Amino acid sequence: MTASAFRPRRSLIFVPGDKPQMFPKALRTGADIVCIDLEDAVARGDKDDARERTVALFAEHGPGDPDGPERQVRINSLHTPEGLKDITAFVDAPVPPPALMIAKVKSRGEIVLLDDLLGECGMDTRFHVMIETNEALDAAYAIAQASDRIDSLVFGAIDMAADLRTTPTWENMFYARSRVVHAAAGAGVDLLDVPWLDLEDMEGLEREARAAASLGVTGKAAIHPKQIPILNEVFCPSAEEIERARSIIAAFENATGGLAVIDGKLIEKPVLRSMQRVVAIAERIVERT
């Protein structure tokens with residue numbers, strides 16, 4: 001991903017695919033990403049209807065403003081008939097969604113296969129890949145490298161905890177979350193964290209979001225609009241971080257080799273990419289406000 005492709009992915013909110021009337025309101029919540037959900041939010045008997053409504057929604061509203069909230073659709077697992085129906089529907093759709101969140105991924109191979117399929121169809125759809133199975137955790141690094149279409153990984157702690165025979169507390173998920181941070185960083189893509197489920201505990205939300213940000217996570221999903229301001233604040237680069245990033249970028253522009261000196265300390269070139277990300281995201285946030 002080039003520096004020009006970086007964009008804020010601090011917060012994400014889901015909209016049930018069978019309730020498209022909620023979509024315009026979700027776009028106004030301040031979330032960086034609005035994801036129409038055809039998977040967990042839709043009952044098995046309503047999935048055909050939700051799929052049809054989602055196709056109609058994009059046909060009516062288009063892919064959206066490139067400078068506004070990202071729009072994507074969470075599809076069902078590609079290991080299920082519903083997931084295959086989802087892909088078929090969007091391949092045939094007059095206006096396909098600009099991005100797909102791919103649920104219950106198990107291997108690099110399924111991402112490669114979907115990439116090849118969409119390429120054959122001439123589609124430039126982006127991917128956001130959920131790491132929420134034990135198989136995906138084991139293959140997370142390879143999955144993250146599987147396609148240039150991938151913009152982010154999404155850590156699904158609830159399903160992951162069930163696979164690991166534990167509960168989705170911060171402590172129990174620390175190893176799994178850390179492995180996904182490693183995979184996302186290795187591929188140079190963003191990482192969105194699992195939602196905080198207790199709507200009455202906003203302090204807990206902020207505490208977990210800050211812990212995730214400190215670990216290397218770049219954003220977090222929300223289950224309610226009132227959570228979004230906290231997430232946007234936590235995952236927004238601070239003024240100090242932005243100033244330091246600009247200083248490092250300037251130092252490398254004036255350096256003659258792969259090292260720069262900031263405040264008497266040597267900074268190696270791999271740090272430059274992270275600094276470019278900080279500045280690019282900060283500039284995008286300012287453009288929106």
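**Close-up views of a predicted model**

**View 1. Strand E5 and its two neighbouring partners.** Strand E5, made of residues 126-131, is mostly covered, since five of its six residues are buried. This structure is a predicted model, and the legends that follow describe it as such. Strand E4 (residues 99-102) pairs with E5 in the parallel sense over four bridges, and within this pairing the bridge partner of Met101 is His128 in E5. Strand E6, which spans residues 150-155, also pairs with E5 in the parallel sense, here over five bridges, and Ile131 has Phe155 of E6 as its bridge partner.

View 2. Strand E2 (residues 33-37) is largely enclosed by the rest of the structure, because five of its five residues are buried. In a regular strand the side chains alternate between the two faces of the sheet. In E2, Ile33, Cys35 and Asp37 point one way, whereas Val34 and Ile36 point the other way, and all are buried. Together with helix H2 (residues 47-61), E2 and E3 make a right-handed β-α-β unit.

View 3. Cys35 is buried, because its relative accessible area of 0% is under the 20% limit. Cys236, by contrast, counts as partly exposed, because its relative accessibility of 27% lies between the limits of 20% and 50%. A search of the whole structure finds zero disulfides.

**View 4. The largest pocket and its lining.** The largest pocket holds about 770 Å³ of space. It is lined by 28 residues, of which Gly216, Thr218, Ser274, Arg277 and Val278 are the closest to the centre of the pocket. At least two lining residues come from each of helix H8 (170-187), strand E7 (190-193), helix H11 (239-254) and helix H12 (270-288), and H12 gives the most, with eight residues. Sorted by class, the lining of this pocket has 17 nonpolar residues, along with five polar and six charged ones.

Terms used
Residues numbered from 1 in each chain as written. Predicted model: local features only at pLDDT ≥ 70, side-chain atom pairs only at ≥ 80, totals over all residues. Heavy atoms only, no water. 1 Å grid on protein atoms, 1.4 Å probe; cavity = no way out; pocket = protein on both sides within 12 Å on 5 of 7 lines; lining within 4 Å. Points joined across faces, edges and corners; volume = space filled by probe spheres on them. Nonpolar A, V, L, I, M, F, W, Y, C, P; charged D, E, K, R; others polar. Disulfide = S-S within 2.5 Å. Buried < 20%, exposed > 50% of the residue type's maximum accessible area, 1.4 Å probe, protein only. Right-handed = clockwise from strand over helix to strand, strands pointing away. Pairing = 2+ DSSP bridges.
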